[in-house]
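User: Can you walk me through a model? I'd like the sheet first, then one of the helices.

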Amino acid sequence: MLKQLLNIMNQNEPEHLVISAAIAFAVFTVFAGIRYLIDYRLKKSARHHKSIWNEAVRDVLSSTSVFMLFVFCTLLGFLLLDMPVAMHSALLHITAIVVILQCGFWIGSIIRQWIKIRINRDHQKGVPGTGYEIMSYALRLVLWTVIVLLILSNLGINVSTLLASLGIGGVAVALAVQNILGDLFASLSIVMDKPFEVGDFLSIGELTGTVRHIGLKTTRLTSITGEELVFANSDLLKSRIHNYKKMQERRVVYTLGVEFDTPPEKLRQINEIVREIFDTIPNGRLSRVHFSRISQSTLDFEIVYYVESPDYQTYMDVQEAFNLAVMERFSREKIAFAYPTQTLQIQHASSVPVPPGDPVFPFAGQDVSPLK
């Protein structure tokens, strides 16, 4: 390599060497000066007011490697000289690799700052930043995979042949770890689509609990009875999920049954009684009340109301207040609650003629007195 550099210097006039060196130094000075000037202005601006965008731009600028900048400018100066075609092509590939690496540093810094901005925005909304480390890991993995492939391509390696040769092994590995990959992609779907977040109260089938952790493979909930529930991410997305934290208010359908012998005027009065009760209950809003059904043993009224809070404790307070109030009013109005009953009607036996020898009364018409 040193011999080739000496040959290049011998092939060029001294003034050409000076001009190329001056151009390389000037380019390095301009780029470094622009970097320093922007960083200085951002620091000065940060003294008056702190901004997350200001910090993000400074982080991207700080990822600009001075060493990479120096190597790039040096290679640029060499490319201005006369040299063999093979040497010129090799320097072009090396320059491309330096640019690709520096772009990787910039994009990696942008990803890091974008994740940081998203987490900060969620915190301002009162939402915990969940799973962003998963997204950051996946994006950086894709980024550096592409960068490595570009570097190999510039080094003269046939990337398409390499990918084809790795494809067979990749299929075998993918089949072996398909469950793990399924959970990984499911975790990315949870982070991006956000069907639930840490702190949400979920109902999944017969299980309920509060989300405590969203990981690469599993999501963990704490149930209302205290134990930890662990779900695979892929299985979780296939399930029917009830997210109660998203609920703004709770709709309740309530059935009230009264006895069959309740007079019609009392039945008409029930609607007014229920409406008057809900006028006095805080956090409760009546939607409708109807005499909905005549069942086997009750006259049913369907009551639909809303609890103006998603909190379960508030719902139970409203339900308790209504139960106590309706019992008090029904007792005052002499309206009886229904309970399951059956009426058995028996006709007097003397009113039904029974022929002698009937199987029901086998001794009818016969003398059944004790033997003397």
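The chat below goes through a sheet, the helices on it and one further helix.

Analyst: This is a predicted model, where local features need pLDDT of at least 70, side-chain atom pairs count only at pLDDT 80 or more, and totals for chains, interfaces and linings use all residues. Residues are numbered from 1 along each chain as its sequence is written, and side-chain values use heavy atoms, with hydrogens and water left out.

User: In what order do the three strands of the open sheet sit?

Analyst: The order is β6-β8-β7, with antiparallel pairing. Strands are DSSP runs of E, at least two residues, and helices are runs of H or I, at least four, numbered from the N terminus; two strands pair if DSSP finds at least two bridges between them.

User: Why is one side of β6 and of β7 left without a neighbour in the sheet?

Analyst: β6 (250–258) and β7 (284–294) are at the edges and each has a single partner strand, so one side of each has no neighbour there.

User: How many bridges join β7 and β8?

Analyst: Nine, linking β7 to residues 299–307 of β8. Within β8, Tyr305 is the bridge partner of Leu286.

User: Which strands does α10 touch?

Analyst: Helix α10 (residues 264–278) touches β6, β7 and β8, contact being heavy atoms within 4.5 Å.

User: Switching to α4. Which residues are buried there?

Analyst: Met68, Leu69, Cys73, Leu75, Gly77 and Leu79; buried is under 20% relative accessible area with a 1.4 Å probe, protein chains only.

User: What caps the N-terminal end of α4?

Analyst: Ser65, with a side-chain oxygen 3.4 Å from the backbone nitrogen of Phe67.

Note on methods. Axes fitted to C-alpha atoms, helices over the stretch in contact; angles between N-to-C directions. Buried < 20%, exposed > 50% of the residue type's maximum accessible area, 1.4 Å probe, protein only. Polar contact = N/O pair within 3.5 Å; in protein donor to acceptor, adjacent residues only side chain to side chain.
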